[in-house]
Amino acid sequence: SSQFYLPFAAKVEHWEKTLANISEIVDAIQAVQRAWMYLENVFRGSEDIRPHLPDESTMFDEVNDGFIDMMKRIYEHPLAVKACSNPKMLETLNSFEATLDKVQKSLNDYLEKKRQMF
């Protein structure tokens, strides 16, 4: 709306879009990381639960492999603009988060059944 904005409008809009995308990706990474850290201890740190929740173990393993792979790619490209340039990255992270939520729900249901049996 300023007279000084017009010559730079395209650049400003590009950077607003780019930075908003980076922000969304960082937020999604943090959400996935929180869920992943908790479930990693359950499904990787111990073999007690895995035999009782085989489907969820497989789902966790797929997310685990994909998330670690994604974090390695980000580590290799430490500049945020380049690291977040994959157009499917946010979609993949949202998929990881949804899968981890399903695994968490199944784990909670399993643990509740065990508590009730006890």
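1. Let's start with arginine 50, which counts as buried because its relative accessibility is 17% (buried means under 20% relative accessible area with a 1.4 Å probe, protein chains only). Arginine 50 sits in the loop between α1 and α2 (helices are DSSP runs of H or I, at least four residues, numbered from the N terminus). Its side chain makes a polar contact of 2.5 Å with that of aspartate 61 (a pair of N or O atoms within 3.5 Å, one able to donate a hydrogen and the other to accept it).

2. A word on the model: it is predicted, so local features need pLDDT of at least 70 and side-chain atom pairs pLDDT 80 or more, while totals for chains, interfaces and linings use all residues. Residues are numbered from 1 along each chain, and side-chain values use heavy atoms, without hydrogens and water.

3. Next, the aromatic pairs, of which there are two (ring centres within 6.5 Å; planes under 30 degrees apart are stacked, over 60 edge-to-face, the rest tilted; for Trp the six-membered ring is used). Tryptophan 36 and phenylalanine 67 form a tilted pair, because their planes meet at 55°, with centres 5.4 Å apart. This pair ties together α1 and α2, parts 31 residues apart in sequence. Phenylalanine 43 and phenylalanine 60 are stacked, at 5.5 Å and 20°, and both are buried.

4. Finally, the largest nonpolar core has 25 residues (buried Ala, Val, Leu, Ile, Met, Phe, Trp, Tyr and Cys joined through side-chain atoms within 4.5 Å). Helices α1, α2 and α4 each give two or more residues to this core, and α1 gives the largest share, ten.

Technical notes
Buried means under 20% relative accessible area, exposed over 50%, partly exposed in between (1.4 Å probe, protein chains only).
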